[in-house]
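Here is a short tour of a protein model, with a look at one of its loops. Please keep the viewer open as you read.

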Amino acid sequence: MPVFVPKEAFDLWLDCANVEADVAAALIRPADEALLEAYPVSLAVNRVANDFEVLIKPVSAGDIAEEQPVAPAKKPKKAKEPDDQASLL
């Protein structure tokens, strides 16, 4: 979960060895609305395997409705290494 701390409190926030948790918690403030922007993005962001810069670009709501599901990339099967143990089967 992101946290918003005023710039002037960065050093105090990061000094976790010398700052008590309740003092650090008191530094947390609601984000300034001017810092945040919300916009729709591709549904492909919901798949961890997708890691492309284009995924953070704004899209229209119509584009999202028309999106086709993104198929997961096929991973090559890893060869099983022998464990040198006898098998009962």
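Helices (H or I, at least four residues) and strands (E, at least two) are DSSP runs, numbered from the N terminus. Leu36 is found in the loop between H2 and H3.

A word on the ground rules. This is a predicted model, in which local features need pLDDT of at least 70 and side-chain atom pairs count only at pLDDT 80 or more, while totals for chains, interfaces and linings use all residues. Residues are numbered from 1 along each chain as its sequence is written, and side-chain values use heavy atoms, with hydrogens and water left out.

**The whole chain**

The protein has three helices and zero strands, giving the pattern α-α-α along the sequence. Of its 89 residues, 12% are buried; that word means under 20% relative accessible area, with exposed over 50% and partly exposed in between (1.4 Å probe, protein chains only). The accessible surface comes to about 8,600 Å², by the Shrake-Rupley method with a 1.4 Å probe, where for residues only the protein chains shown count as cover. Carbon and sulfur atoms hold 59% of that surface. Among contacts (heavy atoms within 4.5 Å) between residues at least 6 apart in sequence, 24% join residues at least 24 apart.

**The loop between H2 and H3**

This loop lies between helix H2 (21-25) and helix H3 (61-66), and Leu35 is placed in it.

| Residue | Relative accessible area | Class |
|---|---|---|
| Leu35 | 62% | exposed |
| Leu36 | 44% | partly exposed |
| Tyr39 | 34% | partly exposed |
| Ser42 | 12% | buried |

Beyond residues up to four places away in sequence, Leu36 touches Phe4 and Ala31.

Which residues does Tyr39 contact, leaving aside neighbours within four places in sequence? They are Ile56, Lys57 and Pro58. The Tyr39 side chain also reaches the backbone oxygen of Ile56 at 2.9 Å. From Tyr39 to Ser60 the C-alpha distance is 8.7 Å, across 21 residues of sequence.

Finally, a polar atom of the Ser42 side chain lies 3.0 Å from the backbone nitrogen of Ala44.

Terms used. Polar contact = N/O pair within 3.5 Å; in protein donor to acceptor, adjacent residues only side chain to side chain.
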